[in-house]
Amino acid sequence: MKWLASSTGQATFEDIKNTSLGKLVRDQLLNGILSGAYMPGQALRESELVEQLKVSRVPVREALRELESAGLVVSRKHSGVYVRELSDEEVKDLYQFRSLLDSHAGRMAAQLPDDEREELVRELDLCVAAMDTAISTGNAQDYYSQNLEFHWLFIEYAGNREIAKAYRDVIQKLHLARLKNLSNEAHRVRSNAEHRQIVDALRKVSSPKHAGEYAELLARHVINAHDRLSVM
């Protein structure tokens, strides 16, 4: 999940050499949260992290502070630091915000030059096929990764770095709720049927006037995902 890691995840040796130890520890913990190694509500005990990561307490504290600022962990007085659990209302708000970002990315995709749009369609087709395979093999984690890749392609082709940053932040907070959603096979089947509809509609875009309709299609897909989550 390259787009979920911070920039040091794909950095050169020179970049890493100039990155503080605290940020490297933060990236390690972030990847642990995003992979499910650390679950919502789980305590992140400073002494255990020091032992696991073979670092001093200072970079661990720095990393935990940054993760708290990002809304991924919460510090409880006299208790410690825990992976954050989102309320239903927070999840709803994040899905609504994400629908706006996906809608904009969909509008941009519908207005791409023909050659770029065709390239995007080819990449999206590969994701849909990979998700079909994940459904047939019952691999929810592979499905989740390909699902994220599918939506990230729209963000990449939109070409707006600020939107990409906002989108990454939203997904980092939503990933556990989405894992719960996509762990249901019926939800995966319905979700990928919508993905196929999205790709087919992009393939048939014939003029910029269709951009608004396509933006609505992306937004509705995100809201549908939240609706499926809500009935679990």
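What pattern does the protein follow, read along the sequence? The pattern is α-α-α-α-β-β-α-α-α-α-α-α.

## Model and overall make-up

This is a predicted model, in which local features need pLDDT of at least 70 and side-chain atom pairs count only at pLDDT 80 or more, while totals for chains, interfaces and linings use all residues. Residues are numbered from 1 along each chain as its sequence is written, and side-chain values use heavy atoms, with hydrogens and water left out.

The protein has ten helices and two strands. Helices (H or I, at least four residues) and strands (E, at least two) are DSSP runs, numbered from the N terminus. Of the 232 residues, 44% count as buried; buried means under 20% relative accessible area, exposed over 50%, and partly exposed in between (1.4 Å probe, protein chains only). Among contacts (heavy atoms within 4.5 Å) between residues at least 6 apart in sequence, 72% join residues at least 24 apart.

## Nonpolar cores

A nonpolar core is a set of buried Ala, Val, Leu, Ile, Met, Phe, Trp, Tyr and Cys residues joined through side-chain atoms within 4.5 Å. The largest one has 35 residues, and Leu120, Leu124, Phe150, Phe154, Leu202 and Tyr214 have the most contacts inside it. At least two residues of this core come from each of helix H5 (88-110), helix H6 (114-137), H7, H8, H9 and helix H10 (211-230). H7 gives the most, with ten residues. In soluble globular proteins, nonpolar side chains tend to be buried together.

Leucine 120 touches Ala109, Leu112, Leu153, Phe154, Tyr157 and Leu202, not counting residues up to four places away in sequence. A second, separate core has 18 residues, including Leu30, Leu72, Val73 and Val81.

Two packed helices are described by the angle between their axes and the distance between the axes. Here axes are lines fitted to C-alpha atoms, for helices over the stretch in contact, and angles run from 0 to 180 degrees between N-to-C directions. H6 and H7 pack at about 170 degrees, with their axes 8 Å apart. That angle makes H6 roughly antiparallel to H7; angles under 35 degrees count as roughly parallel, over 145 as roughly antiparallel, 65 to 115 as roughly perpendicular and the rest as oblique. On the H6 side the contact includes Leu120, Leu124, Cys127 and Met131, and on the H7 side Phe150, Leu153, Phe154 and Tyr157. By class, the residues of this contact divide into 13 nonpolar, two polar and five charged. Ala, Val, Leu, Ile, Met, Phe, Trp, Tyr, Cys and Pro count as nonpolar, Asp, Glu, Lys and Arg as charged, and the others, Gly among them, as polar.

Helix H7 (residues 140-158) and helix H9 (residues 185-203) pack at an angle of about 25 degrees, with their axes 12 Å apart. The two helices are therefore roughly parallel to each other. In H7, Ala140, Tyr143, Asn147, Phe150, His151 and Phe154 meet Arg188, Ser191, Asn192, His195, Ile198, Val199 and Leu202 in H9. This contact has seven nonpolar, five polar and one charged residues.

Alanine 164 lies in helix H8 (residues 161-182) and counts as buried, at 12% relative accessibility. Leaving out residues up to four places away in sequence, alanine 164 touches Trp152 and Ile155. Its C-alpha atom is separated by 9.9 Å from that of phenylalanine 154, ten residues apart along the chain.

Leucine 174 is also found in helix H8, and it is buried, with a relative accessible area of 0%. Apart from neighbours within four places in sequence, leucine 174 is in contact with Val91, Leu94, Tyr95 and Arg98. Leucine 174 and tyrosine 95 are 79 residues apart in sequence and 8.0 Å apart in space, C-alpha to C-alpha.

## Positive phi in two loops

Most residues other than glycine have a negative phi, and most peptide bonds are trans. Lysine 54 has a positive phi, near 60 degrees. Its place is in the loop between helix H3 (46-53) and helix H4 (57-69), and lysine 54 is exposed, with a relative accessible area of 62%.

Histidine 78 has a positive phi as well, near 65 degrees. This residue lies in the loop between strand E1 (73-76) and strand E2 (80-83). Histidine 78 is exposed, with a relative accessible area of 79%.
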